[in-house]
Every structure is written in C-alpha cells, then in structure tokens.
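Thanks for coming. I will go through one structure today, starting at the ligand and then moving to the sheet.

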Amino acid sequence: MVNNNASAVLLALGTLAKGKEVIVSRGQLVEIGGSFRIPEVMEQSGAILVDVGATNKTHPRDYRSAVTGETALLLHVHTSNYRIVGFTRETTVEELVELGSEYKIPVMSDLGSGFLVDLAKYGLPKEPSVQETVAAGADVVTFSGDKLLGGPRPASSWARNTI
Ligand SMILES: *Cc1c(COP(=O)(O)O)cnc(C)c1O
C-alpha cells in the first residue's frame with residue numbers, strides 16, 4: 001500500500017519490467033487526473049512501452065504479435081472516466097491472462113477507481129471490481145484508495161476529495 005495509485009503503478013512497473021517491454025493497447029494510453037499519464041509513468045519506471053492496436057480497437061492478436069523475449073508484462077488500463085464508443089474492441093483482462101499464461105508473462109491491471117461492490121445492483125453503470133479482476137487471473141491489480149474508498153489523499157488532490 002503506497003501513497004496513491006500512480007505510485008503503485010510506477011513501483012510495479014519499475015519492479016517487474018525495468019529495462020524490459022510492457023505491452024499496452026493504444027486505446028489505453030490515457031491521462032487521468034492532473035498528471036498521471038501512462039506513457040510518462042512507463043518512461044519514469046524504466047520500462048519500455050510497446051503500444052499495440054489502434055485507438056478504438058485492440059485485438060488479442062495485436063498483443064500476441066508484439067510478444068518478444070524482452071516482454072515482461074501485459075498491461076491493461078481501465079480507462080475510467082474516458083470512453084471510446086462505437087466501433088470498438090477492447091482485449092479483456094481474461095483474454096490477456098490467457099495469453100500471459102501461454103507465454104508465461106504476468107498480467108497487470110490498473111483499475112483506477114477500485115470498486116469493491118457491484119454498482120449495477122444500485123442501478124449504476126457496470127464497472128469492473130477489484131474482486132472480479134483478481135478472479136479473472138490478473139497477477140497484479142492496482143487501484144486508488146481514495147476515489148471510491150474515500151481514503152486520505154495528498155494535498156495536491158485535495159480538491160477532488162472536497163468536491
Ligand atoms: C486515477 C487513476 C490513476 C491514478 O490514481 P491516483 O490514486 O490518483 O494516483 C491511475 N490509473 C487509473 C486507471 C486511474 O483511474
């Protein structure tokens with residue numbers, strides 16, 4: 001447990017994939033909050049970003065053809081407050097886990113919000129929960145302790161908690 005999810009992602013990438021390749025969909029190279037950007041966090045961690053697919057569609061075969069001897073991780077990023085709609089195809093965590101077990105490569109899921117309850121029960125849009133993602137077989141799951149759980153927050157993000 002660390003300061004925030006951005007730190008968790010940075011530490012996990014640096015620990016599991018420094019100097020190695022991490023495959024991620026072009027549709028998931030998002031900026032979240034004030035400064036968290038997948039490509040920049042990746043660079044800071046020392047991992048090498050291998051982006052695959054297109055903005056709207058990324059197929060399992062895109063990840064497969066990018067796997068090399070240098071691949072350390074398959075990364076799935078939940079795009080949270082950003083949606084690609086219409087002619088889309090996202091490779092699911094389940095599909096990445098299948099591919100990862102074939103190639104013996106771990107799968108990491110950056111979930112963002114960290115839902116622990118099924119929001120659909122309350123008539124809210126379906127969001128992937130932490131439990132579902134762990135059950136899907138992701139090896140590492142990262143999420144924020146303050147978005148939904150309402151934990152403490154560094155001062156820079158004070159406004160978000162207050163609003
Ligand atoms: C919010 C978010 C982050 C950053 O989380 P913080 O706790 O604000 O650092 C990282 N990844 C995703 C997918 C997010 O939604």
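How do the residues of the shell around the ligand divide into nonpolar, polar and charged? Four are nonpolar, six are polar and four are charged. Please keep in mind that what you see is a predicted model.

Let me stay with the ligand. It is surrounded by 14 residues, and the closest are A6, S80, D110, S144 and K147. Two elements each supply at least two residues of that shell, namely helix α1, residues 5-17, and strand β6, residues 107-112.

Now the polar side chains. S144 places a polar side-chain atom 2.3 Å from an oxygen atom of the ligand. For K147, the distance from a polar side-chain atom to a ligand oxygen is 2.8 Å. For N4, a polar side-chain atom is found 3.4 Å from an oxygen atom of the ligand. As for cover, the ligand taken alone exposes 380 Å², and the protein buries 97% of that.

Next, the sheet. In what order do the five strands run? The order is β4-β1-β5-β6-β7, in an open sheet with parallel pairing. At the edges are β4, residues 48-52, and β7, residues 140-143, and each of these pairs on one side only. On average, neighbouring strands are turned by 25 degrees against each other, ignoring direction.

Look at one pair inside that order. Strand β5, residues 71-77, pairs with β6 in the parallel sense, over four bridges. Here V77 stands opposite D110 of β6, and D110 is also among the residues closest to the ligand.

Helix α2, residues 38-45, touches β1, β4, β5 and β6. The direction of α2 makes about 150 degrees with that of β4.

Where does it sit? V67 is in the loop between α3, residues 60-66, and β5. Leaving out residues up to four places away in sequence, V67 touches I23, Y103 and I105. Of these, I105 is 38 residues from V67 along the chain, and their C-alpha atoms are separated by 9.2 Å.

Conventions: Residues numbered from 1 in each chain as written. Predicted model: local features only at pLDDT ≥ 70, side-chain atom pairs only at ≥ 80, totals over all residues. Heavy atoms only, no water. Near = heavy atom within 4 Å. Polar contact = N/O pair within 3.5 Å; in protein donor to acceptor, adjacent residues only side chain to side chain. Areas by Shrake-Rupley, 256 points an atom, 1.4 Å probe, with all protein chains shown as cover. Nonpolar A, V, L, I, M, F, W, Y, C, P; charged D, E, K, R; others polar. Pairing = 2+ DSSP bridges. Axes fitted to C-alpha atoms, helices over the stretch in contact; angles between N-to-C directions. Contact = heavy atoms within 4.5 Å.
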